[in-house]
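Biologist: I'm new to this one, so please walk me through it.

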Amino acid sequence: MSLSHDSALAWAEHQSASASPRLGMLEAYALQRHPDALALAGRDGASLAALVAPRTPGAAARDVGGWAVGLALVAVVLAPLIGMASLLGDPVGIWRMPIAESAPIAGVCFAIGALVQLAILGFWIARGRRRSPLWSWVSIATAVLGAIALWFGGGLAQTAGYAPWSGWSVPIIAAIIIAVLAAALQLLLSRPASPAPVVDESAAHPPEDAGALRAAIDAIAPAERQAVLADRDAALAALEQRGLLAADAAERARAAQLGTLHELDLR
């Protein structure tokens, strides 16, 4: 993924007149083409490093898994909704299917909903039973749709004398049971989502990272390191000229070692 600015100078020039620019972020943009050093240049550098890092197969797999779960949740709601609609028809009765045609559609749709919900239940258990309000509401909605379809379809079948309804109602009953079970398990057994990590603002970086940062900076070719410094100093000058950085702060920043500007933000 590419960043919104290709240099620290471009980032500095884009800051609004009311901004309070972070020197750590300025230097992170200057180091963006050197990911090893960028990742160790404070929390701003680490956050940008995560954006520019190449996608790993594991991350791609997690993205695919997330999309799959999202699509599965849509299927859990959409399939029963179609099944219920086939039985009810439109609200004013212009479009309505006979029970002999709508019952198989409803049965198949609720069977799909039941199977997908069962798969999501297994996935949820395997992934640590993390709390998911969205899935809880999807389960409740599936149970409600199933109950409406079961009640209305039963009435239509009785009126029409449609004996096969007893078979087609089985997937609807199964979908209701699985949905109620999933909602109950969510309520009783779910674990809180992992809290967001707390960033320690009082520490620039762990002491053991200082040597690694210095080594990463030294590993940059001299000409490239000079270009990074030039970009960093040009960005500092731009902020100073625009009145966004005091002259003494700009002077301290120019004198700081490359990779350490984030420490000035903590003073």
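Modeller: One term first: a crossing is left-handed if the near helix is turned anticlockwise from the far one by less than a right angle, and right-handed if clockwise. Also, this is a predicted model, where local features need pLDDT of at least 70 and side-chain atom pairs count only at pLDDT 80 or more, while totals for chains, interfaces and linings use all residues. Residues are numbered from 1 along each chain as its sequence is written, and side-chain values use heavy atoms, with hydrogens and water left out.

Biologist: Okay, so what's the handedness of the crossing of helix 2 and helix 10?

Modeller: Right-handed. Helices here are DSSP runs of H or I, at least four residues, numbered from the N terminus.

Biologist: At what angle do their axes cross?

Modeller: Roughly 140°, and the axes come within 9 Å. Axes are lines fitted to C-alpha atoms over the stretch in contact, with angles from 0 to 180 degrees between N-to-C directions. Helix 2 and helix 10 are therefore oblique to each other (under 35 degrees is roughly parallel, over 145 roughly antiparallel, 65 to 115 roughly perpendicular, the rest oblique).

Biologist: Which residues meet there?

Modeller: From helix 2, L23, L26, E27, Y29 and A30; from helix 10, V228, D231, R232, A235, L236 and L239. That contact (heavy atoms within 4.5 Å) has eight nonpolar, no polar and three charged residues. Ala, Val, Leu, Ile, Met, Phe, Trp, Tyr, Cys and Pro count as nonpolar, Asp, Glu, Lys and Arg as charged, and the others, Gly among them, as polar.

Biologist: How many residues of helix 2 are buried?

Modeller: Eight of its eight, spanning residues 23-30. Buried means under 20% relative accessible area, exposed over 50%, partly exposed in between (1.4 Å probe, protein chains only). The cover includes helix 1, helix 3, helix 4, helix 10, helix 11 and helix 12.

Biologist: Which residues have the most contacts inside the largest nonpolar core?

Modeller: L26 and L31, in a core of 34 residues. Helix 2 gives the most to this core, with six residues. A nonpolar core is a set of buried Ala, Val, Leu, Ile, Met, Phe, Trp, Tyr and Cys residues joined through side-chain atoms within 4.5 Å. Leaving out residues up to four places away in sequence, L26 touches A8, W11, R232, A235, L236, L239 and L261.

Biologist: Switching topic, where is I148 found?

Modeller: In helix 7, residues 133-160.

Biologist: Why does I148 count as partly exposed?

Modeller: Because its relative accessibility is 33%. Setting aside neighbours within four places in sequence, I148 is in contact with M84 and L88.

Notes: Helix = DSSP H or I, 4+ residues; strand = E, 2+ residues; numbered from the N terminus.
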